[in-house]
Amino acid sequence: MSEAEGAGDQELARDLGFLEAYTIGLGTMIGAGIFVLPSIAADQAGPASMVSFAIGGIVSLLAALSLSELATGMPRAGGSYYYVNRALGPFFGSIVGWGMWGGLMFASAFYMLGFGRYLTFFLPMGATGVAIAALVMAAILTLVNYVGVKETGALQNVIVIALVGIIIVFIAFGLLNYDAATMGEFNPFGWAQVAATAGTIYVTFIGFEVIATSAEEIKNPSRNLPLSMLAAVVTPTLMYVLVMFVSTGTISRDLLINSRIPVAEVAAVFSDISLAGFNVGAAAMVVGAVLATVSSANASILSAARVNFAMGRDRILTNWLNQVHSKFRTPYRAILATGGVILLLIALNVEIGTLAEVASFSYLVTYALVHVAVVVMRRADPSDYDPAFRIPDPLYPVVPVLGLLACVAILFQMDLVVQVIGVVIVGVGIAWYALYARSRSRTEGLMGEAISPEPATVPDGRGTYRVVVPVSNPVTESDLLRLAAASAHANEDGNAELVAVNVIEVPQQTSLSQDLAFEEERVQAQSDLLEQAREVAGGLEVGIRTRAVVGRSAARAILDIVEDEAADQVLLGWTGKRSRREHVLGSTIDPVVSRAPCDVTLVKLGPEGSRGEGDIAALAGQGPHAPVAARRAHEFADAADGTLTLLNAQVRDDAEDEGEGEDDYHAAGMETVESVAEAAGLESDDYEAEVVPATDLETDLLAALERFDTVCVGATRTGTVSQALFGSLPETVGSEVEGTVAIARGPEDSPRSVREALVERLQP
Amino acid sequence: MTGGLLRRVVVPVADPDDARATARALRDASLPDDASVLVVFVVEKAGGAPDKASVEQREMYGRDLFEAFETAFDSDAATVESDILYGTDVAETIVTAAHETDASAIAFTPRGGSRWVKLLTGDVATSLVEGSDIPVVVLPDVDEAATDGGPAPGGTDE
């Protein structure tokens with residue numbers, strides 16, 4: 001049943017085929033670079049700068065391979081940021097998130113200045129004029145994205161194909177006019193300079209990332225993502241190298257490096273036809289450049305908003321920024337913030353080469369971490385990560401290792417000024433992590449898993465099965481403790497123990513002691529609550545300890561206790577209502593569920609007499625945690641002398657199948673039930689099996705569950721941070737079914753921290 | 001007569017105020033006994049170019065609208081379901097969904113907005129009225145004054 005998980009509808013949202021994805025990437029790649037960079041590159045490395053472009057292409061190709069594996073494994077909005085945050089945790093997530101955002105802003109400012117420069121062909125103006133033109137265009141683009149003017153795929157394709165056409169004609173003429181004498185000495189400044197130039201021009205290779213940031217919109221991503229990304233790297237790399245060859249071989253070095261519109265200058269040499277006072281060849285290049293710079297900047301602004309959104313989704317950035325406009329349905333605040341910084345960068349008169357290099361720096365840092373992320377994901381191998389594209393065997397781990405080294409090597413060759421600005425951007429990410437993201441982020445990263453990939457068994461030493469039960473409501477307290485006791489008994493006779501926890505939350509503004517003085521009532525309530533817990537446990541033949549805690553955050557306090565007690569399970573109550581946007585199920589529940597390193601059981605209590613008693617059902621689907629749910633259900637049934645049914649739903653593709661395929665469905669259902677029971681360690685006389693034929697999984701399942709008093713369901717979603725903590729089906733069951741519902745997950749998908757993994761490794 | 005028309009109605013919502021206003025209007029309309037309401041939000045696709053906002057971002061936005069609707073509707077007069085739709089043309093997508101669910105009508109409250117805004121966002125109301133072959137019911141925006149005072153649902157759960 002996990003297969004049915006929302007997959008159907010989402011497919012409709014995917015409307016970018018290979019050609020569209022390719023042109024989006026290509027459009028951003030060709031963008032500014034090819035039109036603006038030749039003079040900067042020739043200035044730094046002479047004709048050998050074509051080698052710099054080749055290096056940039058190879059570095060990008062390596063990055064595209066690693067990104068393809070990550071993107072097909074997790075095709076969601078946010079691109080590199082999302083993969084790095086998932087794999088390496090919020091520390092590196094913050095660095096890459098801010099790096100990409102910063103990089104895109106610097107790159108957009110660079111594109112806009114390039115746009116202004118090319119306008120001078122038609123409209124002679126000085127540096128101030130160029131800056132004003134850039135400001136105006138940047139403001140227009142910000143506005144266009146603010147109101148969300150709808151672009152069409154057709155227009156996009158036409159622009160890109162026109163660009164490619166113009167450049168191919170340019171190259172063809174250039175090769176005919178090539179003159180070795182004009183080119184002069186191939187490598188006048190040495191190879192170190194060539195490598196440094198690769199850093200400068202790398203800005204032009206960041207475009208293919210746009211494909212990854214839009215991964216959620218791409219049709220058949222397992223095929224189209226890698227193909228379009230690789231194609232979007234290879235095509236422009238060839239073009240760049242040839243354009244550089246042609247440019248240095250056509251006009252003199254002095255003319256080239258002093259030109260603000262290098263490619264147009266070169267084109268002017270090929271054609272002597274003039275129209276209305278303008279050289280036709282040059283004019284064509286200028287039109288191309290204007291289109292290219294605008295389309296690159298536009299794609300970058302959109303891309304930046306995707307990164308912001310993905311960061312907000314992981315709670316690394318405030319979701320205030322990701323508010324959707326009620327009329328235009330655009331993330332208008334994110335757009336304005338990005339646009340504002342772009343305008344500021346242009347207004348501050350930052351040198352065009354520096355803009356390019358800072359963007360390059362940010363992205364080289366990003367790709368370095370992307371390569372690390374691939375290795376971490378492969379080693380950690382979380383259950384929901386199954387990339388359709390894998391770097392083929394002889395190339396892995398060569399590609400990520402080489403890619404990482406190449407990125408780092410280029411970073412070290414860059415200008416000191418650029419390195420300083422780049423390090424400042426990285427520093428912003430680190431500071432942001434320390435001051436904001438660390439306490440809020442919902443992801444842990446998988447580095448711990450990668451270092452020590454064996455599943456963790458929680459060491460205890462005393463052989464006690466311990467269940468932590470956060471309690472806060474005197475009405476529900478006794479039932480939660482009873483359920484926890486049922487689970488504890490089954491797991492360790494005689495040595496089971498409950499730990500009842502209550503947390504008094506004190507707001508950030510007040511000091512812990514100050515607030516307590518005024519809160520005697522709350523303290524009294526807490527001690528009453530825990531006293532009651534002890535009484536309840538007395539009747540349950542199970543050991544209990546109580547812990548009264550005062551803390552800033554209930555979730556943090558509970559997680560600390562879970563770790564401190566080396567708990568085997570944490571069982572907590574839930575009202576059955578979903579929360580507002582900031583949280584999925586609740587401000588305390590969310591972090592505990594996503595980070596507790598042990599079994600987690602979330603219980604919504606039904607009416608009296610149905611609480612873990614009577615007819616109990618467990619959903620036996622293919623989800624990774626179905627066996628945990630079955631075990632919980634068995635424990636409850638055992639303790640309360642209830643009946644246990646393992647339920648499996650089989651979805652029929654269409655009504656016509658009815659009758660004929662009936663037996664197959666039934667057999668498939670029974671098979672799943674049996675495998676779940678086996679995984680849960682149940683004997684065949686422990687349970688009844690039932691297969692529910694369904695046309696609509698959710699509706700029919702909910703109907704079938706109506707007659708049960710208690711329902712246990714396993715998490716279908718693991719690890720990934722999203723709007724559903726356990727998966728949408730378990731949560732729907734939780735909020736819709738009248739009776740008691742227990743949603744369970746096992747321990748293995750809560751990633752360990754690096755420290756925990758190292759400790760585990762070092763233990764004999 | 002409107003009873004029959006509102007038996008199975010598809011209700012597009014576009015923003016939180018719109019969702020609340022439509023919910024109130026529908027609650028106050030005389031719905032037949034077995035009425036069912038399908039609230040829909042359309043994620044507009046660019047169809048080949050990158051979208052103006054992340055799909056997932058707008059799905060979240062849509063779910064918030066459904067919640068606002070249900071809170072404001074707050075009535076047992078009809079079963080309320082919700083669905084997120086995807087399409088390049090908002091009005092057309094709504095009409096298609098109405099056909100697929102055998103809807104008796106499409107109902108909405110006019111959102112107002114200046115001509116300028118309509119020009120930029122596309123005038124979905126007009127396209128619906130002109131382009132639908134299923135009856136379109138325009139509901140009055142009943143409680144204009146209370147629009148901004150709607151209680152914000154939510155809070156924590158423990």
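Among contacts in chain A between residues at least 6 apart in sequence, what percentage join residues at least 24 apart? The share is 82%. Please keep in mind that this is a predicted model.

**Figure 1. Chain A contains 30 helices and 12 strands.** Of its 764 residues, 59% are buried.

**Figure 2. Helices α14 and α15 of chain A cross at roughly 155 degrees.** Look here for residues 262–270, which form α14(A), and residues 280–313, which form α15(A). Their axes come within 7 Å. Angles over 145 degrees count as roughly antiparallel, so that is how α14(A) lies relative to α15(A). The crossing of this pair is right-handed. On the α14(A) side, the contact is made by A:Val263, A:Ala264, A:Ala267 and A:Ala268. On the α15(A) side, look for A:Gly281, A:Ala282, A:Met285 and A:Val286. Sorted by class, the contact of α14(A) with α15(A) has seven nonpolar residues, one polar residue and no charged ones.

**Figure 3. Helices α6 and α17 of chain A cross at roughly 150 degrees.** In this view, α6(A) covers residues 90–119 and α17(A) covers residues 352–380. The two axes come within 8 Å. Because of the crossing angle, α6(A) is roughly antiparallel to α17(A). The crossing of α6(A) and α17(A) is left-handed. In their contact you will find 18 nonpolar residues, five polar ones and one charged.

**Figure 4. Helix α4 of chain A packs with α17(A) at an angle of about 40 degrees.** Are the two helices parallel or oblique to each other? Their angle makes α4(A) and α17(A) oblique. The crossing of α4(A) and α17(A) is left-handed. From α4(A), the residues that meet α17(A) are A:Val59, A:Leu62, A:Ala63, A:Ser66, A:Leu67, A:Glu69 and A:Leu70. Facing them in α17(A) are A:Leu364, A:Tyr367, A:Val370, A:His371, A:Ala373, A:Val374, A:Met377 and A:Arg378. By class, the contact of α4(A) with α17(A) has 11 nonpolar, two polar and two charged residues.

Key: Residues numbered from 1 in each chain as written. Chains lettered and ligands numbered in written order. Predicted model: local features only at pLDDT ≥ 70, side-chain atom pairs only at ≥ 80, totals over all residues. Heavy atoms only, no water. Axes fitted to C-alpha atoms, helices over the stretch in contact; angles between N-to-C directions. Helix = DSSP H or I, 4+ residues; strand = E, 2+ residues; numbered from the N terminus. Parallel < 35°, antiparallel > 145°, perpendicular 65-115°, else oblique. Left-handed = near helix turned anticlockwise from the far one by under 90°. Contact = heavy atoms within 4.5 Å. Nonpolar A, V, L, I, M, F, W, Y, C, P; charged D, E, K, R; others polar. Buried < 20%, exposed > 50% of the residue type's maximum accessible area, 1.4 Å probe, protein only.
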